[in-house]
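User: I am new to reading protein models. Could we go through this one by question and answer?

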Amino acid sequence: HTLQVLLIFAKEDNQSDGFWWACDRAGYRCNIARTPESALECFLDKHQEIIVIDHRNSRYFDAEAICRSLRATKPSEHTVILAVVPRTSSDQEETSVLPLLHAGFDRQFMENSSITACYNELIQIEHGEVRSQFKLRACNAVFTALDRCQEAIEITSEDHVIQYVNPAFERMMGYHKGELIGKELTELPKSDKNRADLLDTINTFIKKGKEWQGVYYARRKSGDSIQQHVKITPVIGQGGKIRHFVSLKKLRCSNENNKQVLHIFKVLFSFVFAESHSFRCKNRRKDSIDVKSITSQSSDAPSLQTRRYSSMARIHSMTIEAPITKVINIINAAQENSPITVAEALDRVLEILRTTELYSPQLGTKDEDPHTSDLVGGLMTDGLRRLSGNEYVFSKNMNLSHSHLSVPITINDVPPCITQLLDNEESWDFNIFELEAVTNKRPLIYLGLKVFARFGVAEFLNCSEATLRAWLQMIEGNYHSSNSYHNSTHAADVLHATAFFLGKERVKGSLDHLDEVAALIAATIHDVDHPGRTNSFLCNAGSELAVLYNDTAVLESHHTALAFQLTAKDSKCNIFKNIDRNHYRTLRQAIIDMVLATEMTKHFEHVNKFVNSINKPMASEESSSHSEGSDCECTASIKNFPDNQTLIKRMMIKCADVANPCRPLELCIEWAGRISEEYFAQTDEEKRQGLPVVMPVFDRNTCSIPKSQISFIDYFITDMFDAWDAFAHLPVLMQNLANNYKHWKTLDELKCKSLRLPTEN
């Protein structure tokens with residue numbers, strides 16, 4: 001391995017030349033950066049082992065700030081950073097090195113342009129700190145191996161203080177490592193099943209430097225005693241003395257555990273099979289006659305019913321009851337005395353259960369649909385995390401108005417043409433684009449006034465209609481009308497869908513007035529100040545918001561934070577100013593939770609939790625009760641569990657946010673065109689800026705919009721709306737979805753990439 005050195009000097013001089021030729025003499029690879037930005041970019045690309053920063057003159061750049069920015073990156077953990085400081089005269093007192101150390105430097109080099117002096121410094125660093133860092137890197141590999149190891153491992157000091165336990169140990173004993181590290185073994189509860197002299201026997205062996213192995217009973221955190229095969233090895237360290245003890249532990253499996261695991265294995269097998277069947281990449285369903293193929297062939301009423309019952313059947317097939325950690329512990333126990341074939345099968349089950357993405361389907365590598373793959377990559381990940389010199393910054397629109405149409409003084413002052421349109425706002429067929437046209441792209445304030453009045457929002461908040469009107473005007477003013485999709489028309493559309501869902505009997509019966517108000521406000525603000533780019537784009541572009549929110553739910557966090565900031569900023573539009581603190585906190589939390597639920601990385605988790613906590617129990621109650629009042633009893637039982645109300649609110653706003661495929665065909669087509677145009681614009685900009693292209697299929701020259709819609713419906717929409725329909729009963733939406741899916745399939749079969757059939761244009 002050839003050592004790499006990065007020199008950060010604003011200008012070339014004798015000192016930078018000295019280090020350059022010293023690197024050449026030592027056979028090191030050398031790069032020079034002139035600016036902080038290029039230095040960071042070069043380091044993240046090359047990961048140099050030694051960095052030399054010019055600390056002699058602050059006129060060009062802040063050397064300590066550069067050092068801190070480098071230290072903030074993960075690769076710098078194993079890098080030695082050297083500060084070149086000005087030479088002090090004989091009458092000057094030498095300055096302390098502490099400020100440099102605090103900034104992240106490892107050592108200082110007194111200015112000396114001699115190639116030999118520079119060479120000696122670099123060689124000493126290589127033979128000292130760099131080689132130590134190489135050993136530390138090897139330690140990381142060792143700890144990675146320990147973390148992946150199936151055996152439980154515990155490392156203690158010579159005084160029996162716990163210094164390390166691996167994940168297998170945590171699973172076996174039921175403790176988190178934070179509860180163990182730093183504790184003496186004597187502080188942990190002991191099992192009373194061991195022989196009285198066993199601990200003395202073990203100590204006699206290991207204190208003599210001998211390895212001990214045998215059977216030992218340990219007490220888990222839960223209080224259960226478990227039998228273990230234990231091997232304890234003393235480790236000789238500094239001074240030839242025992243410095244550590246390493247314990248390897250395996251469970252001995254009882255007959256009772258073996259019987260228990262067979263039952264769990266059967267349950268798990270049906271669970272894994274049901275999950276993989278239900279969430280397998282949807283293009284593999286094309287060869288089977290299931291709900292989607294039935295829907296795509298016909299849009300008549302019997303097919304809709306088949307779809308509904310098929311959906312409920314899938315809901316019933318998803319079964320897992322025991323807490324996941326208990327299942328994993330039982331499987332671990334059973335593996336010890338299992339035949340090799342069963343043990344290998346259980347290994348595969350454990351591999352699946354230990355993933356952090358239990359709810360996210362895995363796309364197959366064969367015959368993978370690029371549209372589905374790109375949608376998943378673009379909507380369900382946070383990008384490639386590549387730092388770039390390009391900064392994507394919001395052009396914040398903080399104005400309070402952005403069109404020539406005058407704002408109504410009261411709801412009664414709305415122009416007649418708008419009033420006439422809004423008479424139909426309670427219908428699912430309401431045409432939001434007509435409202436957009438007559439309001440000069442300001443539908444949110446007018447629809448908001450009507451919907452908020454119908455649900456008594458001002459009364460609940462104890463605020464005047466003027467305050468509510470000013471708030472709606474301010475929120476709409478912070479949507480970007482230049483976005484083809486994520487503008488105030490989309491916000492108004494989501495508000496309309498949310499209000500429609502709140503009008504459904506079962507939804508209405510499950511939620512309180514506070515929940516309704518929270519849902520309507522969340523729908524209104526859920527995309528405020530959206531830049532028309534995805535989270536992945538912002539992360540790849542190194543945007544201010546991506547940095548602020550640590551590349552996690554970037555936009556959704558921004559929408560909520562900005563909405564609350566703007567609301568509190570001006571008393572004239574502060575709709576929360578008159579409610580008491582407790583109500584405000586509850587309302588705020590509900591709004592934040594709902595907006596964050598619109599972020600797609602946890603899509604399948606939200607849907608699965610809704611199915612398991614709402615659909616299944618409700619379906620069981622319905623099947624066991626034939627009384628007329630059973631529906632009321634179901635919703636009443638939901639009201640008793642706030643967690644269930646939270647799941648309903650999340651599912652409601654998620655469905656409202658992506659309800660375009662369930663709208664009447666003409667509206668569905670318009671929305672499809674708008675979102676495609678926004679994705680095309682993003683792809684154009686990614687290519688222009690040299691960023692990773694997150695969704696390559698959304699290239700305006702080659703994209704098939706019908707294929708993209710089919711993939712979106714198959715992958716995200718169908719299962720979610722099946723579950724929501726099973727709860728809220730939405731026959732019109734499901735029929736629209738079937739019709740629209742058929743439209744896109746027809747276009748795709750004709751190899752047509754546009755929004756309509758040629759005869760329809």
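User: Which strand holds Ile32?

Analyst: Helices (H or I, at least four residues) and strands (E, at least two) are DSSP runs, numbered from the N terminus. This is a predicted model, where local features need pLDDT of at least 70, side-chain atom pairs count only at pLDDT 80 or more, and totals for chains, interfaces and linings use all residues. Residues are numbered from 1 along each chain as its sequence is written, and side-chain values use heavy atoms, with hydrogens and water left out. Ile32 is found in strand 2 (residues 29-33).

User: Is Ile32 buried, partly exposed or exposed?

Analyst: Buried means under 20% relative accessible area, exposed over 50%, and partly exposed in between (1.4 Å probe, protein chains only). The relative accessible area of Ile32 is 35%. That value falls in between, so Ile32 is partly exposed.

User: Where is His490, and is it buried or exposed?

Analyst: His490 sits in helix 20. Its relative accessible area is 0%. That is under the 20% limit, so His490 is buried.

User: Which residues does the UniProt annotation "binding site" cover, and what is their largest C-alpha distance?

Analyst: The record is an unreviewed entry, and it lists His490, His526, Asp527 and Asp657. They are spread over 168 residues of sequence, yet they cluster in space, with a largest C-alpha distance of 9.9 Å. UniProt positions are given in the numbering used here, feature names are shortened, and annotations may be inferred rather than shown by experiment. So the names come from the record, and the distance asked for is 9.9 Å.

User: How many aromatic pairs does the whole structure have?

Analyst: Rings of Phe, Tyr and Trp (its six-membered ring) pair if their centres lie within 6.5 Å. Planes under 30 degrees apart count as stacked, over 60 as edge-to-face and the rest as tilted. A search of the whole structure gives 20.

User: What kind of pair do Trp428 and Phe500 make?

Analyst: Their ring centres are 5.0 Å apart. Their planes stand at 50°. That makes the pair tilted.

User: How many residues apart in sequence are the parts that this pair ties together?

Analyst: Trp428 lies in the loop between helix 15 (416-422) and helix 16 (432-438). Phe500 lies in helix 20 (residues 488-502). So the parts are 72 residues apart in sequence.

User: Are Trp428 and Phe500 buried or exposed?

Analyst: Trp428 has 3% relative accessibility. Phe500 has 16%. Trp428 counts as buried, and Phe500 also counts as buried.
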